[in-house]
Amino acid sequence: MYSHGSDSLIKQAREIQESELQKFYSRLVKLLQGKELGHETVDSLQRLHLILSATKYTRTLPPELQKRVVSLLSSPAEQFQVLSSAVLRETLPLSGQEVNYNQENISQLNSHAAALLLSQAGSRDDLSSLCAQLLRSLESRQSEGPAHSLTYTLPILNTILTHNPECLTEDHVTLLSKKLVDWLRYASITQGGGVSSGGFFAGPRSRQPAPIAELDGTVSGDFFTVLCVGQGFTDDQWMNVYSFSMLRHWLLTYHSVSNGSTTADADDRSEVDGSVVSMVSATSSSSRLLPPKERLREKAFQYCQRLIEQSDRKASKRTDTDLQKACLVEAVCILDCVCVEDASLVYRAFPCIKALFGRLSSDLSFARVLLPIAQFYLNHGEMAAVDCESVWKLVFGRFPAELFNDHFLAHELLRFLRLNLENLQLRVPQYTHCFPNLLKLLAWDSPAVVDDFVDLLPSLVTAGTAVELLHTLLDLPCLSATLVLQLRSTCLPISEPGGRGLLSLDAFRSPSFRGLFLFLLRGEAGAGDTMDRLSTLHELLAEAADWPRVVQCAQTVPVLLHIFFNTVITVSDEKLLAHLILVMLERSSLLLNIPKYIKEIHRVFSCHLLKLCKLQPSLVVDQSHELLEFAGATANVYSKEEIYTHVVWVLGEYLSVSCDSRCSVRLITSCFEALEAVLFEITSSAPSPGTACPAPRVIATLMSALAKLASRSHDLIPRVSLFLSKLRTVARGGSVAWCSDEEDLVAIVTRGEELWSLLKAPGVAQSVLTPPPHVMTPQWHRDTNLAMPLQLRALTNLTLSQ
């Protein structure tokens with residue numbers, strides 16, 4: 001983390017002797033007593049901070065040095081404010097030396113001192129006292145002290161509200177709500193600096209205050225907002241900006257305040273005396289009759305409506321255009337807050353919001369503004385009885401389809417979905433059918449959004465979408481490659497002279513394969529579960545298998561598949577689960593050729609095949625034809641070892657009358673013959689050149705499955721016994737071509753001898769190989785409420801002691 005040099009400095013700071021430290025303190029005090037503070041003082045303060053922060057122990061500075069460092073908080077040089085604040089954060093304040101600000105020294109408050117002041121509040125009482133002092137400073141007239149310190153008061157109050165809103169009292173809320181009304185609605189409407197009237201005799205006395213202007217340069221005809229411009233701003237205009245920045249947070253959290261006794265010496269004054277504010281406010285008699293919270297909501301409503309009106313003006317600067325968008329986002333969010341608190345405002349707000357949506361919906365550069373509008377429609381559309389379909393077509397359609405590579409929008413869209421998941425499922429039927437579009441965000445930037453989809457995916461799994469969703473998840477790496485090709489096709493030439501073009505890009509542009517890529521890029525579910533030419537698509541995208549974006553996407557698919565299967569068993573019936581088993585068998589050979597990806601998918605399929613069959617054992621009989629077809633293909637032994645082993649195990653375990661009364665002797669015999677043929681083939685000849693030997697686990701599983709099936713149909717026992725005896729005879733002759741490892745061969749032969757011994761007593765074999773449920777389910781040896789575990793432990797101890 002640190003370089004060698006910085007590591008050495010930290011070590012020196014930790015090992016400094018007390019005597020040397022005291023000398024350093026004395027020298028620093030002398031430096032701080034000087035009239036001018038130069039580079040030596042800065043270096044000494046930096047060294048002091050290093051000494052204090054390099055150790056885990058909190059030190060106490062000498063009283064004189066502590067006093068001098070505290071005085072630096074009000075230094076005109078911000079460098080000394082930063083250093084003194086950093087030093088004091090690392091020390092324990094002396095008794096009576098805490099950094100306190102009251103009415104006399106509130107003018108010294110700055111952002112660094114405010115942060116230090118907040119960090120030294122050790123309890124709720126301290127925070128409450130701090131709030132009282134800060135709020136008293138808000139009550140003071142401008143003539144009682146510099147108003148610039150108020151610009152630091154609102155941020156620290158906002159911070160207190162964030163971390164511990166309970167420290168505010170109802171009187172605090174009333175006072176601050178009144179002040180916010182004053183600053184938001186009644187700020188000065190003239191510019192902060194005077195503008196010369198011109199002429200030969202123009203001078204300081206003839207400079208007249210000019211009115212504020214709109215972003216398009218016209219003179220403003222209404223009250224001041226953050227979208228007004230001028231050569232300079234007055235203090236109350238700055239407070240208007242600060243008030244708007246914390247307004248939404250205040251509206252969301254002021255309900256958490258306590259209703260205890262008054263801690264702020266508040267009165268009922270709502271306006272700042274001696275200013276234009278009081279004169280304007282005096283005419284608002286109807287608004288004044290409202291309680292402070294309701295009055296704040298009303299003024300916030302008016303303020304946001306004015307911002308929306310101002311945003312329609314054409315800004316002359318690019319930065320002002322960005323400011324308009326930011327203010328629109330905040331304004332719509334605030335309108336949503338006040339409408340949630342007061343439902344009567346919904347009918348007044350919706351015409352404005354609806355007009356704003358109509359104006360912006362065709363321009364995707366306003367996408368981040370349109371999301372708060374969608375939130376407003378979701379929260380209040382039903383109450384206002386408005387049609388929201390066009391909003392959801394935009395949010396679930398064009399946003400992910402055309403802006404999937406916008407990282408900020410992707411984050412905000414997924415956050416919107418997570419926060420409103422329950423409402424979307426209840427009120428927006430399009431939501432569960434839009435997953436082909438939403439998954440484009442995941443396919444494009446998997447590491448950044450996979451956590452969001454872990455939460456969202458269960459809500460997209462329904463009985464109607466499960467099969468198509470499974471195919472879509474398996475095709476995510478293909479979708480990732482297709483999105484890359486889509487962007488490249490718009491910025492790369494059709495042919496690159498002297499260079500080698502991408503074959504996949506040529507295929508993407510080819511009309512012959514256009515349908516394959518369009519299916520991947522579809523916007524809604526329902527066009528079909530999957531496509532017919534998947535293998536062709538995988539061949540076209542073969543060169544994309546090592547693209548970083550595709551590889552990252554492939555790494556997320558197994559995680560999502562686990563979530564999918566864990567969810568689907570809660571929403572599906574037996575027919576759907578049977579269909580999913582067929583999909584797993586089919587898609588195990590239709591995956592993009594990324595070896596690690598294929599291996600992980602097979603592992604996931606194997607895991608959930610067991611779970612599905614354990615949950616519904618009758619599925620094995622229902623899908624016996626497809627399972628036997630898969631298990632009877634010898635090629636699957638080598639190419640799909642993981643899933644093949646589990647398919648064989650499932651057939652041997654659940655193809656039984658005890659699991660399904662439809663299981664006949666004929667079915668057991670046909671299954672036996674299919675597995676017997678595969679086992680005989682792989683153990684009677686060497687694998688083809690370039691092919692590895694069959695895994696010992698596959699051979700052991702095949703032998704166990706045959707023994708289980710023979711124990712249920714005793715006519716098959718001689719055939720199994722004959723094979724097992726031949727296996728033992730062959731193994732005694734030395735190495736065999738189908739098993740390269742001697743230890744594995746010994747294990748296989750040992751397993752065969754165990755099964756052969758069991759089959760000599762058919763009744764015992766069935767009880768051991770397929771124990772009835774009442775034997776397996778209780779697991780008496782693990783039940784601590786019974787005496788059997790105690791008896792087993794006692795017998796074990798007696799045996800070991802001998």
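The stops below go from the whole chain to single residues.

**Before you click**

This is a predicted model, in which local features need pLDDT of at least 70 and side-chain atom pairs count only at pLDDT 80 or more, while totals for chains, interfaces and linings use all residues. Residues are numbered from 1 along each chain as its sequence is written, and side-chain values use heavy atoms, with hydrogens and water left out.

**Whole protein**

Start with a cartoon view: you have 40 helices and two strands. Helices here are DSSP runs of H or I with at least four residues, strands are runs of E with at least two, and numbering starts at the N terminus. Of the 802 residues, 48% are buried. Buried means under 20% relative accessible area, exposed means over 50%, and partly exposed is in between, using a 1.4 Å probe and protein chains only. Take the contacts (heavy atoms within 4.5 Å) between residues at least 6 apart in sequence: 74% of them join residues at least 24 apart.

**The cores**

Now select Trp392, Phe399, Tyr431 and Phe564. In the largest nonpolar core, which has 220 residues, these four touch the most other members. A nonpolar core is a set of buried Ala, Val, Leu, Ile, Met, Phe, Trp, Tyr and Cys residues joined through side-chain atoms within 4.5 Å. Zoom in on Phe564: leaving aside neighbours within four places in sequence, its contacts are Leu457, Val461, Ala466, Leu469, Leu470, Leu473 and Leu580. A second, separate core has 27 residues, including Tyr25, Ala54, Leu65 and Val87.

**Helix H5**

Val87 takes you to H5, residues 78-89, where it is one of the buried residues, along with Phe80, Gln81, Leu83, Ser84, Ser85 and Leu88. Helices H3 (39-53), H4 (63-71) and H6 (111-119) are among the elements covering them. From first C-alpha to last, the 12 residues of H5 reach 17 Å, close to the 16 Å expected at 1.5 Å a residue; the expected span is 1.5 Å times one less than the number of residues.

**A helix pair**

Next, select H8 (150-163) and H10 (235-253). Their axes are 10 Å apart and the angle is about 10°, so H8 is roughly parallel to H10. Angles under 35 degrees count as roughly parallel; axes are lines fitted to C-alpha atoms over the stretch in contact, and angles run from 0 to 180 degrees between N-to-C directions. On the H8 side, show Leu154, Pro155 and Leu161, among others; on the H10 side, Trp238, Tyr242 and Trp250 are among the residues they meet.

- Asp452 sits in helix H21 (446-460). Its relative accessibility is 11%, so Asp452 counts as buried. Beyond neighbours within four places in sequence, Asp452 contacts Leu414 and Arg418.
- Ser713 lies in the loop between H35 (696-712) and H36 (717-732). At 8% relative accessibility, Ser713 is buried too, and, leaving aside neighbours within four places in sequence, it is in contact with Val665 and Ile668.
- Ala385 is in the loop between H16 (367-384) and H17 (389-402). At 68% relative accessibility, Ala385 is exposed. Check its phi: near 55°, a positive value in a residue other than glycine.

Note on methods. Parallel < 35°, antiparallel > 145°, perpendicular 65-115°, else oblique.
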